[in-house]
Amino acid sequence: MNRVDGRQKVTGAAKYAAEYELPNLAYGVLVGSTITKGRLTSIDTKTAERAPGVLAVITHLNAPKAPGTKPTGKDPSQPQTVGNALQVFMDDKIRFNDQPIAVVVANTLERARFAARLVKAQYAKEKHQTNLEANKANAFLPTQAKKNPKSPAADYQRGQVDAYKTGALKLESEYVIPTEVHHPMELQAITAHWEAPDRLTLYDKTQGTMATRRDFARQWGLPEENVKVIATYVGGAFGNALHSWPHESAAIIAAKVVNRPVRLMLTREQMFTMVGYRPHTWQKIGMSATPDGKITAITHESIGQTSTYEEFVEATLGQTKMMYQSPNLTTRYRLAALDVGSPIWMRGPGEATGAFALESAMDEMAFLLNIDPMEFRLRNYTDQDPEKNRPWSSKFLKECYQAGAQRVGWNKRQLKPGALRDGEWFIGYGMGVGTFGAHRGSSKASAQLLPNGTVLLQSAVTDIGPGTGTAMTQIAADTLGLAPEKIRFEWGNSDFAQAPTQGGSAIVNTVGPAVQEACMALKDKLRELAATSNSAFTSAKKEDVAFADNYLTLSGNSTARATYADLVRQAGGTAVTVESKPSGEGQKYSMYSFSVHFAEVRVHELTGEVRVSKLVSCADAGTIINEKTAGNQMKGGAVGGIGMALMEHAIIDDRFGRYVTKDLADYHVPVQADSPAIEVFFVNQPDPYVNKLGTKGIGEIATIGVAPAIANAVFNATGKRVRELPITPDKLV
Ligand code: MOS
């Protein structure tokens, strides 16, 4: 099935957050700090205020304080839950470079932008720290782990501590990933509209309409129903719209001050500094194995950067705890707080970082053992979760290995690096495994059968690009026995039925069953209506009633027939809202999606240029609802993995604490020419426990494991092991 919103998107009819034309619209432009740490001693806004069209210049000196505003950095250990960790314009403190210090509001964007350049600030500078390497010694255990030893961020131990050190065959390697920035095509944007002094409507780029509503209702001391968040179309996000950011607060404050709707869209440059990123992370792996290829111990340590005002924690070490058999396993996760903006989850958060280290180390150990890396993984395959000692809800990773190996041509791979070449190009093969929890939360969905025989479904969930709207339409069509054209699924509005934030590969798992159950409830309702109004159905057994296109029929009675439209008219409405919750099987089974990525690379012997010539991504993600949108997900994630492996690198000049990569000319992401035709394989076996649909989720496993597959292929091609991403040519020549 094609995407239900494909036509709107390609014709430009789809409206994004900065495209809502409201009467009397004003425009906000942020002014950022030019120092990295210190205090604002004065801020001159007079010239800007006198510039043409300027309606207001708002700073910490004149900003109205929302009643629910909490001081920034009051409790850095409670990140994410407060949504907006940095409260703009509430104090004179500078915590990172380009921190918003003012918003200029004018009657056109050009005038606001011009006037923003006229704001002049004076600072009392303090010495800043933006370098992770220099601050590793100050890394600390996250507060949540200190408080709760069962926290996933706490130190983990099974068997002996650091047992690899005494192993006969061992390796010890350090890995680094740089800061990477999400950079979705659509810039972060919001249109804030106070419809009344106590009623706020936000057209916002967010992954969670309800979370954003909650954040700003709390901030402004309003009942949640007084705040409405609309995010019908979101032009990609990859995690950077998972919590609320300073520019959203700034636009809402600005709209309050000028008493007009205010649109605020970040520049590409501002996308580097104030809406999160995948954190620069150092890792070390120690691993030991027996000569016949059984892992005896792994120690995996990690230090990720965070900001001074928020402890950002991610599951960097999660995959290591459960992917392979290892009787001895130690993990230590630490944070280093720097004078930077807060990180945020970025596609395959944590796990993608951790998998680069773990899957590189697996390749290094296989090389030491002189074993094929796939064979080495098979010798350490786990048939049950070694971390929680529970069975998997389902696991078809071996099937993925076989399918991928065959498709990439793994049999051509040589154990000895540098053995294959084509003229001046070395050829190599590598693999990398990924996993991510098959999370399912609670969700509602509403369904209504309309008198014309069509069904209207509504959910507050967003569709940031994966095709949620399409998958939900398909689930409804399958459940109701109706053609997809007769179903309208509306999403992206906080007034619709409660749904979680889109993220963590959990949406089909979570909202899918709600849609399915709402449609089943609708069918029950139709059966009841038929039973009361049509004598043929009165004594019919439930299983004998069939739902065909627009009418109910009865098996064994060819004349019995009740049309949906008649039933709806008689009943005067057929709306249902259901809530769907996880069954609790998650306590008995470990639920994960799995992926493996196989790369073939060509590396030029003189220039060190790396071309990914083949990429095969295989997934065990349970039932696949829609091969097309699911395949798009896998391909997009794989392209992100190419970027992670070969290009993406946000660079700060530590002398100034300022990014020198400021746009997409300096910060490279893969373009079409950098990406081969990516082949996707799904096992497509239902998981019996996550939900009745059998799904497990795709979003994250599409990226997790891609970067190490490419790094391992580069090693196989050249014999050079690059442990610091990205693998740029200078590291290979
Ligand atoms: Mo994703 S990092 O769950 O948006």
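Analyst: Two strands pair if DSSP finds at least two bridges between them. The model here is predicted.

User: What makes β10 and β11 a pair?

Analyst: Four bridges join these two strands. The rule asks for at least two, so β10 and β11 qualify. They run parallel.

User: What lies between β9 and β10 in their hairpin?

Analyst: Two residues separate the two strands.

User: Why is β9 called largely enclosed?

Analyst: Six of its eight residues are buried, so the rest of the structure largely encloses this strand. The cut-off for buried is under 20% relative accessible area.

User: Which strands are at the edges of the sheet, and what makes them edges?

Analyst: The order is β3-β5-β1-β12-β9-β10-β11, an open sheet of seven strands with mixed pairing. β3 (54–58) and β11 (227–230) each have a single partner strand, so one side of each lacks a neighbour in the sheet. On average, neighbouring strands are turned by 20° against each other, direction ignored.

User: Which helices lie on these strands?

Analyst: Helix α5 (residues 209–219) lies across β10 and β11, at about 145° to β11. Helix α6 (residues 246–258) packs on the sheet, and its direction makes about 35° with that of β9. Among the strands that α6 touches are β1, β3 and β5.

User: How do you know that the length of α12 agrees with a helix of 13 residues?

Analyst: At 1.5 Å a residue, helix α12 (residues 468–480) should span 18 Å. Its end C-alpha atoms are 18 Å apart, so the two agree. Just after the helix, glycine 481 has a positive phi of about 65°.

User: What makes aspartate 91 and arginine 95 a salt bridge?

Analyst: Their closest N and O atoms are 2.9 Å apart. The limit is 4 Å, so the pair counts. Aspartate 91 is partly exposed at 28% relative accessible area. Arginine 95, at 7%, is under the 20% cut-off and therefore buried.

User: Where do glutamate 375 and arginine 379 lie, and why are they called partly exposed?

Analyst: They sit in helix α10 (residues 373–379), four residues apart, about one turn of the helix. Glutamate 375 has 32% relative accessibility, and arginine 379 has 32% as well.

User: Why is arginine 488 called exposed?

Analyst: Its relative accessible area is 52%. Exposed means over 50%, so arginine 488 passes. Its side chain meets glutamate 490 in a salt bridge at 2.9 Å, N to O.

User: What joins Asp363, Glu364, Arg721 and Arg723 into one network?

Analyst: Salt bridges that share partners do. Under the 4 Å rule, the count for the model comes to 31 salt bridges.

User: What makes a set of residues a nonpolar core, and how many residues has the largest?

Analyst: Its members must be buried, of the nonpolar kinds, and joined through side-chain atoms within 4.5 Å. The largest such core has 84 residues, and Met287 and Ile710 have the most contacts inside it. Helix α9 (residues 351–369) gives the most, with ten residues. A second core is separate and has 44 residues, including Ala447 and Val568.

User: Which residues does isoleucine 710 contact?

Analyst: Neighbours within four places in sequence are left aside. The contacts then include Ala599, Val601, Val612 and Leu646.

Notes:
Residues numbered from 1 in each chain as written. Predicted model: local features only at pLDDT ≥ 70, side-chain atom pairs only at ≥ 80, totals over all residues. Heavy atoms only, no water. Buried < 20%, exposed > 50% of the residue type's maximum accessible area, 1.4 Å probe, protein only. Contact = heavy atoms within 4.5 Å. Expected span 1.5 Å × (residues − 1). Axes fitted to C-alpha atoms, helices over the stretch in contact; angles between N-to-C directions.
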